[in-house]
There are 2 protein chains.
Amino acid sequence: MSELQLRDALDSLKGTGVRITPQRHAILEYLVGAMSHPTADEIYKALEGKFPNMSVATVYNNLRVFREVGLVKELTYGDSSSRFDFVTTDHYHAICEDCGKIVDFHYPGLDEVEHLASHVTGFKVNNHRMEVYGTCRDCEAKAGAH
Amino acid sequence: MSELQLRDALDSLKGTGVRITPQRHAILEYLVGAMSHPTADEIYKALEGKFPNMSVATVYNNLRVFREVGLVKELTYGDSSSRFDFVTTDHYHAICEDCGKIVDFHYPGLDEVEHLASHVTGFKVNNHRMEVYGTCRDCEAKAGAH
DNA sequence: TACACTATTTATAAAGATTATAAAGTAAGA
DNA sequence: TCTTACTTTATAATCTTTATAAATAGTGTA
């Protein structure tokens with residue numbers, strides 16, 4: 001399962017022309033296996049045994065690369081440092097109000113909303129629904145050309 | 001409208017025993033009137049004309065005070081600095097799947113979802129919809145007694 | 001109104017997270 | 001194997017936020 005996710009991630013990287021270095025492999029592996037959402041520093045410390053010479057910058061650089069490719073989400077809670085989360089297949093929908101097109105997007109953070117809602121309202125919360133409404137790129141372009 | 005919000009905020013502060021200084025007044029006034037969600041530094045710069053000697057620490061200290069009292073929400077998007085938002089009456093709904101009861105709850109953080117959705121999908125996002133589903137306390141109690 | 005007490009502001013330094021830079025190293029295709 | 005461009009490393013720099021201590025100023029009370 002994690003194996004498969006890791007392989008998919010590596011393939012996905014290859015597909016976008018990003019080189020696969022041992023450091024990148026290790027960071028991805030760690031993220032896939034991590035139960036929590038680690039900070040850059042936690043990842044750095046976790047891999048320091050395997051890569052005694054690895055620089056913190058390498059961790060940051062690669063987390064950014066992974067984020068840009070869509071493999072990883074950066075979560076900013078209130079605390080001082082960002083947390084990073086391997087993207088799974090949960091997703092929400094963005095809906096175009098002009099043409100009705102529906103586009104998937106991923107967002108890992110809404111469990112927090114369920115928690116807070118439960119806390120505030122006293123409900124036993126089972127699930128939630130969320131959609132984003134707007135104009136898709138095509139319709140926006142048409143409207144712009146008018 | 002903003003006037004009233006500001007007065008309410010000041011009263012609320014008095015009620016909790018927080019002193020009202022000219023700096024606090026000005027920061028609150030700025031937050032109430034701000035269309036955007038300013039960063040601490042933006043607030044600092046905006047008030048530097050009125051308070052040439054004000055320290056950045058004062059802005060941070062007071063934003064923390066306001067947050068602790070519940071007047072202000074701290075928003076952490078992906079970018080480097082926190083943004084601060086005067087708490088208004090926007091709210092979401094928790095819906096009981098047994099009896100249909102609807103309870104309001106507040107949650108200030110979903111702008112972040114709009115941002116991310118917009119970035120990922122290319123949509124120009126206008127708004128979103130979110131609801132939480134579950135069982136209210138009454139129905140939960142009844143079911144428990146069954 | 002004046003006083004006293006304590007919270008607050010200011011100025012500065014310090015801490016912590018993240019990014020920039022340049023030289024050395026290495027993945028990947030030809 | 002060779003070459004090229006991308007990566008890593010080490011380090012410094014930047015930026016945001018917090019800590020500290022002395023000076024200042026609100027607020028309740030006499």
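1. Starting with the helices of chain A: the axes of helix 2 of chain A and helix 3 of chain A come within 11 Å of each other and cross at roughly 115 degrees. That angle makes helix 2 of chain A roughly perpendicular to helix 3 of chain A. For the bookkeeping, this is a predicted model, where local features need pLDDT of at least 70, side-chain atom pairs count only at pLDDT 80 or more, and totals for chains, interfaces and linings use all residues. Residues are numbered from 1 along each chain as its sequence is written, while chains are lettered from A and ligands numbered from 1 in the order in which they are written.

2. Helices (H or I, at least four residues) and strands (E, at least two) are DSSP runs, numbered from the N terminus. Axes are lines fitted to C-alpha atoms, for helices over the stretch in contact, and angles run from 0 to 180 degrees between N-to-C directions. Under 35 degrees counts as roughly parallel, over 145 as roughly antiparallel, 65 to 115 as roughly perpendicular, and the rest as oblique.

3. Back to that helix pair. Ala26(A), Ile27(A) and Tyr30(A) of helix 2 meet Ile43(A), Ala46(A) and Leu47(A) of helix 3, where contact means C-beta atoms, placed from the backbone, within 7 Å. The residues of this contact split into six nonpolar, no polar and no charged. The classes are Ala, Val, Leu, Ile, Met, Phe, Trp, Tyr, Cys and Pro as nonpolar, Asp, Glu, Lys and Arg as charged, and the others, Gly among them, as polar.

4. Helix 2 of chain A also packs against helix 4 of chain A: their axes come within 10 Å and cross at roughly 70 degrees. Helix 2 of chain A is therefore roughly perpendicular to helix 4 of chain A, and the crossing is right-handed. Here Gln23(A), Arg24(A) and Ile27(A) in helix 2 meet Thr58(A), Val59(A) and Asn62(A) in helix 4. By class, the residues of this contact are two nonpolar, three polar and one charged.

5. On to the DNA. Around DNA strand D there are 27 residues, with Thr21(A), Met54(A), Thr58(A), Ala57(B) and Ser82(B) coming nearest; "near" is a C-beta atom, placed from the backbone, within 6 Å. The elements giving two or more residues to this surface are helix 2 (22–33) and helix 4 (56–69) of chain A, plus helix 3 (40–47) and helix 4 (56–69) of chain B. The surface has 10 nonpolar, 12 polar and five charged residues.

6. What about DNA strand C? Of the 27 residues around DNA strand C, Ala57(A), Ser82(A), Thr21(B), Met54(B) and Thr58(B) come nearest. Two or more residues each come from helix 3 (40–47) and helix 4 of chain A and from helix 2 (22–33) and helix 4 of chain B. The class count near DNA strand C is 10 nonpolar, 12 polar and five charged.

7. Now the chain A–chain B contact, which takes 32 residues from chain B and 32 residues from chain A. On the side of chain B that touches chain A, strand 5 of chain B gives the most, with 12 residues. By class, that side of chain B has 16 nonpolar, nine polar and seven charged residues.

8. Strand 5 (residues 124–135) of chain A and strand 5 of chain B pair in the antiparallel sense over 11 bridges, pairing being at least two DSSP bridges between strands. Met130(A) has Met130(B) as its bridge partner. The open sheet of six strands runs 4(A)-3(A)-5(A)-5(B)-3(B)-4(B), with mixed pairing. Its edge strands are strand 4 (102–105) of chain A and strand 4 of chain B, each pairing on one side only. The twist averages 25 degrees from one strand to the next.

9. Tyr92(A) stands opposite Phe105(A), and Ala94(A) has Val103(A) as its bridge partner. These strands form a hairpin with five residues between them, and Gly100(A) in the turn has a positive phi of about 80 degrees.

Definitions and conventions
A crossing is left-handed if the near helix is turned anticlockwise from the far one by less than a right angle, and right-handed if clockwise. Two residues are in contact if their C-beta atoms, placed from the backbone, lie within 7 Å.
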